[in-house]
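Here's a quick briefing to read alongside the model. Have the viewer open and follow along.

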Amino acid sequence: TSTNKASILKKKKTNGGSGGGGDDPDDDPDDGRRGNNKRDKDEDCDDKDSHGGRKKEGRTADYLDSIKKKPAMVSPAKLLALAGTPATGYAPAGYFPYGGTPWPMMPTNINLRERPTIKDLCLSKIDVPSLMTFREKFIRMVNNYTPEEFCMVHYLDNHTKSSLYSTIEMETKFQAYYDRIEPYGGIIQMGNHLLDNDEVYTVLCFMARPKSELEMKKWLGQSVWDAKTYHKFKNNQNYIKTYIDYYLQSWIHYKDRFNYLLEILDHPETRKWFPYYVNKKGNDLGLLDYFFNGTPDVAFSRQVYERYIRVEVRHKIKDFSQFWKLYLEGLKKLRDKTKELEDTTF
């Protein structure tokens with residue numbers, strides 16, 4: 001009897017442990033599913049509203065968490081290295097076409113253009129519009145000079161450099177950055193940057209962040225649509241339908257710029273000032289309202305939204321990415337319909 005009890009206890013301990021035998025009937029995939037269910041329940045409890053007890057859905061914070069941070073400031077050569085692809089501007093290591101000792105890297109093209117200076121690009125003011133414009137110009141410059149490395153700090157004026165260094169020194173969230181640059185007294189040492197461009201841009205975004213709810217609404221309320229096309233499409237539906245392909249391309253660019261705007265504005269201390277929901281709830285504007293209000297023709301944008309997305313589907317939109325896919329399909333349907341009308345006209 002004592003032997004049987006010992007074997008039963010041993011079996012229970014084996015089943016309850018993390019390394020149970022595969023032959024045991026209780027050791028099946030459902031065990032992991034039960035553990036996940038418990039975790040899901042805990043997360044559900046965390047997501048419940050303290051007022052109504054309902055699970056929060058369609059929150060702006062959820063979309064902000066889903067935005068992927070792209071290494072946009074990385075040079076083309078480094079970006080190719082991250083992707084596991086050798087840079088086209090260099091021959092692979094060990095390749096030497098003339099015999100003899102191979103060189104570690106051999107340039108296969110030479111860029112004779114003059115290297116851009118601070119006269120060509122300079123960030124002298126740290127606010128949201130200036131930072132977005134600087135970002136786009138810097139990426140364009142980097143892509144045009146493949147595969148050279150460009151240090152973003154070289155294109156900041158002296159006051160901005162000082163503000164950048166002092167921010168890193170004061171803010172505890174950048175302690176790791178400060179530990180790296182403090183022994184050298186600056187971000188640049190012998191022409192080399194001690195922080196990469198993504199890290200510098202992260203600090204600049206923090207410096208440009210809104211300091212109040214009023215400032216958050218100010219930046220969300222300003223359109224980031226490309227200025228060159230904004231005035232062409234502004235309150236001009238006939239022009240939009242005539243150049244619908246151009247409008248569709250501009251719309252996609254606007255969506256990307258809107259996400260870049262959210263990256264600049266989104267910080268742990270600024271989350272509370274964002275619209276709570278993606279979709280409008282009662283009298284409170286949602287993130288979609290700010291997105292629509294930044295388009296050149298708001299009435300036209302909403303017409304497409306209401307005409308090509310059914311009411312029951314619109315009410316179920318809980319995520320900005322979901323909205324974007326549905327709206328893009330609506331724009332493409334409008335484009336196809338417009339092209340069909342042109343074919344019947346001629």
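**Helix α14 and its surroundings**

Helix α14 (residues 298–308) has F300, S301, V304, Y305 and Y308 as its buried residues. Seen down the α14 axis, those buried residues fall within an arc of 140°, so they line one face of the helix. The arc is taken over directions from the helix axis to the C-beta atoms; buried means under 20% relative accessible area, exposed over 50%, and partly exposed in between (1.4 Å probe, protein chains only). Helices are DSSP runs of H or I with at least four residues, numbered from the N terminus. The face of α14 turned away from the buried side carries the exposed residues E306 and R307.

A note on the model: it's predicted, so local features need pLDDT of at least 70 and side-chain atom pairs count only at pLDDT 80 or more, while totals for chains, interfaces and linings use all residues. Residues are numbered from 1 along each chain as its sequence is written, and side-chain values use heavy atoms, with hydrogens and water left out.

- Leaving out residues up to four places away in sequence, I168 is in contact (heavy atoms within 4.5 Å) with F174, Y177, Y178, I181, I187, L195 and V203.

**N279**
- N279 sits in the loop between α12 and α13 (287–293), and is buried at a relative accessible area of 18%.
- A polar atom of the N279 side chain lies 3.1 Å from the backbone oxygen of R314, and the N279 side chain also reaches the backbone oxygen of I317 at 3.5 Å.
- Beyond four places away in sequence, N279 touches G286, L288, Y305, R314 and I317.

**Salt bridges**
- There are 14 salt bridges, each a side-chain nitrogen of Lys or Arg within 4 Å of a carboxyl oxygen of Asp or Glu.
- D289 pairs with R302, with the closest N and O atoms 2.9 Å apart. D289 lies in helix α13 and R302 in helix α14, so the pair ties together parts that are 13 residues apart in sequence.
- D289 is buried at 8% relative accessibility, whereas R302 is partly exposed at 26%.
- D266 and R271 form a salt bridge with closest N and O atoms 2.6 Å apart, and D65, D266 and R271 are linked in a network.

Terms used: Helices (H or I, at least four residues) and strands (E, at least two) are DSSP runs, numbered from the N terminus. A polar contact is a pair of N or O atoms within 3.5 Å; within protein, one must be able to donate a hydrogen and the other to accept it, and residues adjacent in sequence count only if both atoms are side-chain atoms.
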